[in-house]
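Dear colleague,

Please find below the structure that I am handing over to you.

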Amino acid sequence: MELSRYLKYYPSSENPGNFILFSTWRLSKVEIWAETFRAIERGVISPENEKVLTGLGMLVPDREEEKASVISLHDRINKHSPGINIIVVMNLDCNFACKYCFEGGLKGDLYMSGETADRLIDFIKERFTENKKTLLVDFYGGEPLLSSDLIKHISKKLKAFTEERGVSYSFSLVTNGALLNRKIAIELAGLGLKGVKITIDGPAHIHNKNRPFKSGAPSFDLLIKNIKETWDIVKINLGGNFEAANYRDFPLLLDYLEKEGLTPDKIGVIKFDPVAKRPERVMNPTDYRGGCITLDEPWLLEANDLLREDILRRGYKTLNISHKLCMIESQNSYVVNYDGSLYKCPGFIGIEEYNIGNIKDEIFKYNDTYNLGIWKNDRCIDCEYLPLCYGGCRYMTFLRDDNVNALDCQKEYLDATLETMIKQEIKYSLRVGK
């Protein structure tokens, strides 16, 4: 038996003289004596320890076979995946005027038509082959609830279709939350709504500055009211977009949620992320110019550690460490824009060279367009972080280089943050969710 290629180890904070071992491939962890680990490195191991570490994927019979398994993960998922996942951009309109809007100059009075919605339904049915068991649609915008009637129409049709097949249909919403009242939540839940992601940018004084209504009116209090009215109907996940100047205030939101009775049992997952920079080529002169194009900025490393710790310490859940399974690599995932045009990632909506066709016509081959498998090189394959990275994010590469021809290597970021994240998961093991 050999030590896994995809293994990290760190000194234990709680028990000096011990090591914490973490498998980036199996996502398993264990704490052992340092002297035991050193003995294992020399090839000396008891049968009991060998059995445990083999079960955790930290000892393997053949490192080359292990490497082949990691490399083929996406191929296996594409071959055997039982589901189809579709992101549907219902419109590019919004009732908010967020200062850093992700869609910027793309926004306008642009809505999916009933004809396009019906063609979308046919597009999904055509791809829902006999081996498929699950259909998940993510309704996106703009603000998707400005198109609530069309969401209902699409969901009624797809729910009936999947029920005839004896399989499941569910959908989620990425919404600003202003229109998510109890009445609409109950109606949509009956059609398959399972989860909602709402963005709240920290406490009221930050959120209302960053995410006001178009009229300039504050939105924070309405979102809190709507979450209180709907948490028992659908799972509410919360996001928030921070900047270098304000991330230290974001824990105040967590305190406010608890004060208002939105305790950890009533909220799904909370995850705060930095504002991402928008592509220069689609920006107007008056657009917001801030945002990140790399995860390696020193302030950002500090912010991620601090905010994740504050979420967990207060009893809320956040995302766990997981494999990087980008939808670009998935043959069963598409982004459908309001006009029926197709993309492989919502970040590329409206950028013509990343369009891969239209739901009315054939899908173009997109291997070269999105540089599929860019991580299949010696540098990545021999990296212990490969299962957590798989070449990083092509959208971040695009922001940096105006193309997707290079890796978004996350080694430096993971070197700086993974140890802390693993120790947080151990410390708060019951409060980390998917």
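The lining of the second largest cavity comprises three nonpolar residues, one polar residue and three charged residues. In this classification Ala, Val, Leu, Ile, Met, Phe, Trp, Tyr, Cys and Pro are nonpolar, Asp, Glu, Lys and Arg are charged, and the others, Gly among them, are polar. The residues concerned are H74, K324, C326, E329, W375, Y390 and R394, and the space in this cavity is about 30 Å³. A cavity is a set of points, on a 1 Å grid over the protein atoms alone, where a 1.4 Å probe fits but cannot get out; a pocket is an open set with protein on both sides within 12 Å along at least five of seven lines, and lining residues have an atom within 4 Å of a point. Grid points are joined across faces, edges and corners, and the volume is the space filled by probe spheres set on the points.

Please note that this is a predicted model, in which local features need pLDDT of at least 70 and side-chain atom pairs count only at pLDDT 80 or more, while totals for chains, interfaces and linings use all residues. Residues are numbered from 1 along each chain as its sequence is written, and side-chain values use heavy atoms, with hydrogens and water left out.

There are two cavities of 30 Å³ or more. Eleven residues line the largest cavity, and F102, E103, L106, G347 and I349 lie nearest its centre. Its lining has eight nonpolar, one polar and two charged residues.

The second largest pocket has a volume of about 220 Å³. Among the residues that line this pocket are H74, E329 and W375, which also belong to the lining of the second largest cavity.

Turning to the strands, an open sheet of eight has the order 11-10-9-8-7-6-13-14, with mixed pairing. Strand 11 (270-274) and strand 14 (342-343) each have a single partner strand, so one side of each is left without a neighbour in the sheet. Strands are DSSP runs (E, at least two residues) numbered from the N terminus, and two of them pair if DSSP finds at least two bridges between them. Strand 6 (residues 83-89) and strand 13 (residues 333-336) are paired in the parallel sense over four bridges; V88 has V336 in strand 13 as its bridge partner.

Yours sincerely
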